[in-house]
Amino acid sequence: MEEMTGLMQRRRDELEKIIESGINPYPYRFEVTRDSKEIIDAFESLSESGKVLKFAGRIMSFRRMGGSTFAHLQDRSGKLQVYFRKNSIGVDSYKILKLLDIGDIIGVTGTLFKTRTGEISVGVESYEILAKSLRPLPIVKETVDEQGKKILHDQFADKETRYRQRYVDLIVNPDVRQVFIKRARIIRELRNFLDTRGFLEVETPVLQPLYGGATARPFTTHHHRLNMKLYLRVADELYLKRLIVGGLERVYEIAKDFRNEGMDRNHNPEFTMLEFYQAYADYFDMMVLFEDMISTVAEKATGSMHIRFKGHEIDLTPPWDRLPLLEAIQKYAEVDVSDKSEDELREICREKDIEISPEMGGGKLIDELFKHYVEPNLIQPIFIIDYPIELSPLAKKHRDNPRLTERFEPFIAGSEIGNAFSELNDPTDQRRRFEAQAALRARGDKEAQALDNDFLRALEYGMPPTGGVGIGVDRLVMLLTDSPSIRDVIFFPQMREES
């Protein structure tokens, strides 16, 4: 800390000297004609023409040698070497150059050439200070192992600090920037996939008078003018299905949802969901659409339907396997729960040392068995289908078994990345399901669905048979970027208060 304080003081002293010399270290603009990648890609034509370039970036290295200085500037697309000569930029400008540090942002004007080692560089004719950095960047050193693999030795390695100071993480760790660039590409391809299939992108309320669409605990707030409690949405589902009632037939939304729950490698209180609904379709149609979407997006964003995640080689090529949930439990937990009462399920969980609580109903107990025994085994893409009715208050009853629903969840690498139904469009049945959820809430289940009378009113006007899907966008990005934690794919994840 003492060393850091000394370095920061030195930078402030340099800043004062720059100002005293009559230079504004924080000017208003600088005209950039090309970024580093464009310059490197067009080197032959640019160097032959002798065209003067204007390029700007953050100083990431300095190498001073008497009357000349080499530096690397980093911009959004990469790094480019620049070369300063005292004879070219003048004695006074060269003196000011000595007041610059790694981390400062400058703009340079000059022409291209190659060094004796073949590195493309800008021969600087003039430069401008654009922002003086008052905090030293953490030092990151790069070495190459015997297999030719690059290894970063990073003083900025503490994960929590990196998440909290993402702005520094993005500067010093280029791989992190690539994750977020790929995230943007993935979201763009999700939109393209749905747009080309006739889906309409819509927006629904974030602040809702009644939350619903998922079994989750909400965040609450208060609207002073209306003097009413409001909730941050936990899902988009009930509003999107209102739009299906209204006749839009194919809708989707990429939206921020909020759930007041725990945090782990797969969960952040604020997260991104894609939900889409198609009238006149069922969950079989949505399975085909889903596997087509994920495989297509993977190929567009990564170049292949074969990806690597957490050491697993995963093949996303359709079609994916399908396995009923109760059969999956029987296969991996070696117990048949298809006709067990709540008390019997509770006893099975106790025998298998699964932690349970009194407010859990039969559906939640089955879900705990599934999470404990089945999920870790679901590495290759698979649809787990046909969930118990207690677990699926918004899904249509199974056409062959009224104790089940037409619901699927896709799993890849042991993690659920979506949820989908043949949507329940019978208002009488939906009311019964809401009332059953209310009974669970009375027992203490804080995640149970709330009864939404306006949504029931919408269903009473008539909703066509509909298939609906929700996809955890953050989890999909984790999968396609081989990122182990949801915090690695969210720019600013929720953190504990900084001490």
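Hi everyone, let's start with a strand pair: S1 (residues 53-65) and S4 (residues 105-114) run antiparallel and are joined by six bridges. Strands here are DSSP E runs of at least two residues and helices are H or I runs of at least four, numbered from the N terminus; two strands count as paired if DSSP finds at least two bridges between them. Within this pair, Arg58 stands opposite Ile105 in S4.

A word on the source: this is a predicted model, where local features need pLDDT of at least 70, side-chain atom pairs count only at pLDDT 80 or more, and totals for chains, interfaces and linings use all residues. Residues are numbered from 1 along each chain as its sequence is written, and side-chain values use heavy atoms, leaving out hydrogens and water.

Back to the strands. Five of them close into a barrel, in the order S1-S2-S3-S5-S4, with mixed pairing. Neighbouring strands of this sheet are turned by 50 degrees against each other on average, direction ignored, with axes fitted to C-alpha atoms and angles running from 0 to 180 degrees between N-to-C directions.

Points are joined across faces, edges and corners, and the volume is the space filled by probe spheres set on them. The structure holds one cavity of 30 Å³ or more, and the largest cavity has about 60 Å³ of space. Its lining includes Arg265, Phe309 and Met478, and helix H16 (residues 473-481) gives the largest share, three residues.

Notes:
On a 1 Å grid over the protein atoms alone, a cavity is a set of points where a 1.4 Å probe fits but cannot get out, and a pocket is an open set with protein on both sides within 12 Å along at least five of seven lines; lining residues have an atom within 4 Å of a point.
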